[in-house]
Amino acid sequence: MEHNPLQPRIERLLTQVEKPSRYIGGETNETLKPDASVRIAFAYPDAYEVGISNQALQILYGLVNGRTEAAAERVYCPWPDMADAMRRDEVPLFTLETWRPVRDCDMLGITLQAELTYSNVLELIDLAQIPIRSEDRTDRDPIILAGGPSASNPMPLAHFIDVFFMGEAEEGLERIVEILDAVKTREERLDRLAELPFLYIPARGEQPVERAVFADFSIDTAPRAPVVPYASAIFARASVEVMRGCTRGCRFCHAGTWYRPVRERKVEDVVKAGLEQLECTGYDELSLTSLATSDYSGVARAIKEIKAVKPDLHLSLPSNRVDTGPVALLAAANSRQRSITLAPEAATQRMRDIICKTITDEMIEKAIDSAFGAGYTSIKMYFMLGLPLETFEEVQGIVDLAFRAREIGRQHLGEGGKFTVHISASNFVPKPHTPFQWSGMAPPDQLRVKHDYLRRAIHGRQLKLSLHDVRTSMLEGALGRGDSITGDAIETAWRAGARFDAWSEHHHEEHWRDAFAAAGRDLEAEATRERDPLDPLPWDHVRSGVSKEFLLDEWWQSRAERPTGDCRWDGCSDCGACVGPVRNRLVEA
Amino acid sequence: MRIELRLAIRDRARFLSHLEMVDLLLAAFRRAGYEITLSNGMRPRPIISLALARGVGVASEDERCTIELVGDSHDLDALIERLAATCPRGVVPLDARLAGPKTIAAGATYRIAFDAPGDLVAQAVDAYLASAELPIERRSPKQRRTVDVKRFAPEPRLDGSAIIVDIAILEDGSAKPEEVIRALASCANSDLPSAGVTRLAVAMAPKPVRMATTETT
């Protein structure tokens, strides 16, 4: 192999840092394409163990390497010990596959999965020795493209990203590779990229940009050979995306708007892809993923067919709904698992009507009862606090449901039975492109009072409570609906030392508070501010496909405490997402 | 069928930890089409062990793994061939044989290269050999203790500008290659930056049989 002058310098660093396997690459199913004419570095702005588990990046990596002439390589945000050592020794950010500098690639593609990774986006760019602001970059620098769900409001990062990809990248990425191959100067590339309707290029002004929808998801083959991470990854299992999109219409849910309409993959392909992945990864667990896998109309058949081939396989079905028989499904999928997760999100009927979570108390209790009856000994239930129109009744409702679940558990397993009811409450954060995009977050003091109440009320035998940190939720809220001035605050916070904000040990609230103040803003005011539906929003030029009128109507429906039906079964609600060949595609209608 | 596999760990793969190596081998065996025997009990685990933990960053030409496979008629040459295709970069299966009676690691031989002039290394080795004892402080997050490196690694020998050293594993412990380097540096009264450590061989010994003792009062 060609001599790489960075190699001895990187190896020296690896002897000094925690978990050097984060930086070595060479995992099973990694792809090397030394003669490729275009090199793309795909980056996840968090640690290796988080980023390698991201399914979207695995899909894009396989797609570019498998279907185009370009080489895709990977990079994750170096942990602070490594980042500091790299700066000290002037080692530029490098890709895992070839240990070549990221700045020598044609494109750096960053996935934005969460707002709390924004400081790491700047960290990655700076470690790559690329100017932080787009306007300072030259022909020597790669094009920096960002995609993923958080790109749906591109404005907070508009100073730093050259090109934003809106929506699903499967088809558009191939066109981008063609352009990178065809033209080589920065300006020419940006000119050509600006012709693609799903790309937003801040330097070219706020032109309307359309979300790309992968209409052929249902007939496209699922990835067969994902990169197998080293042991430290948070998810180490084969996974097949069985369905994209969800039309349940939960009013807080960003993915519920951003990935419409529903497209289901054929059961035959799910089974084949799952079995092939197991073979070429060596995993002993398979996950059937989607936004709500129990809604996948082929789920029972897929489980049956997979179990027929591999009866002892650990099959996991994340993201199950209370009302579509998750207990029976999980029991069929996996006889070893003893814990089940349910997501009622709200504990009272009134609040579930407000957020459009169309389940009843009876359904929840039935699911809990079935779970204990099927032998599960740990039930985890997710709730949100601080939802719009929330009253104290809703908080008390969580307490009541926790005790009701314990009571049901005791009916099955006895007063002193060995089981756990785990209540997890997160803080509502309004997201762009949702009916709640105009709502403010609950003030932090109010959230803390509710947390204290839950801590006092939910304790004792068989009960467990976990609560999300209010400080990081506030930051998420302030960044998620931010504008370009928010971008200035991000840069100031990062320069002050902000990075890895999703990790409590690295989150420094004061950096962010000061940075927002320096930008003339108050962090909490930004997060809690209710928006006037008549006022323009920073992301108005991004067309998600779902009309603003529909979102506004849903916002009003929430105030009337009226849920809206799911268009898969209850008729079209005219959201605007279905256009031409883009429409709901179910395998078993 | 209990198999003893010998592997080389080269290049970047030397930065994998002990636990990562175990997981990686399990997956490589599964990809190669072998089913691994699970232990009995409430939480069955695949039966696999590595003879001697390897420090992160240390390469190896003699990594020994004992694994129990389901079935008793596996062709060992075919196993090596299939594993070679399923191990990640830098992890190279060398040979496999049926495992005999249980053994434990009694010591290992290392080659340590230095990023320092050869005569400085030679001086350090001379001073090392002349020392009666070489106490080195071992720090861990939980404790600090002093290890006499000379007791475990009495005779490093020059190999060009590198050294070859046998490190014994005794009942009360062992020394690490990194501690031998620190001991040499203290002998040379100078920094002796390492340019790479490779484990060349592992010495195995029969596993002592523990006798049940009965106390009478």
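**Exercise 1.** Which residues of helix H6 (residues 172–182) of chain A are buried? State also on which side of H6(A) they lie.

*Solution.* The model is predicted.
- Step 1. A residue counts as buried if 20 or more other C-beta atoms lie within 10 Å of its own.
- Step 2. In H6(A), the buried residues are Leu173(A), Ile176(A), Val177(A), Ile179(A) and Leu180(A).
- Step 3. Around the axis they span an arc of only 160°, so they sit on the same side of H6(A).
- Step 4. The cover over these buried residues includes helix H3 (55–67), strand E3 (107–111) and helix H7 (186–193) of chain A.

**Exercise 2.** Describe chain B and its side of the contact with chain A.

*Solution.* 
- Step 1. Chain B contains five helices and ten strands.
- Step 2. Along the principal axes, its C-alpha atoms fill a box of roughly 60 × 55 × 30 Å.
- Step 3. Of the 217 residues in chain B, 31% are buried.
- Step 4. Of the contacts in chain B between residues at least 6 apart in sequence, 74% join residues at least 24 apart.
- Step 5. Chain B gives 18 residues to the contact and chain A gives 19 residues. On the chain B side, nine are nonpolar, three polar and six charged.

Conventions: Residues are numbered from 1 along each chain as its sequence is written. Chains are lettered from A and ligands numbered from 1 in the order in which they are written. This is a predicted model: local features need pLDDT of at least 70, side-chain atom pairs count only at pLDDT 80 or more; totals for chains, interfaces and linings use all residues. A residue is buried if 20 or more other C-beta atoms lie within 10 Å of its own, exposed if 12 or fewer, and partly exposed in between; C-beta atoms are placed from the backbone. Helices (H or I, at least four residues) and strands (E, at least two) are DSSP runs, numbered from the N terminus. The arc is that of the directions from the helix axis to the C-beta atoms. Two residues are in contact if their C-beta atoms, placed from the backbone, lie within 7 Å. Ala, Val, Leu, Ile, Met, Phe, Trp, Tyr, Cys and Pro count as nonpolar, Asp, Glu, Lys and Arg as charged, and the others, Gly among them, as polar.
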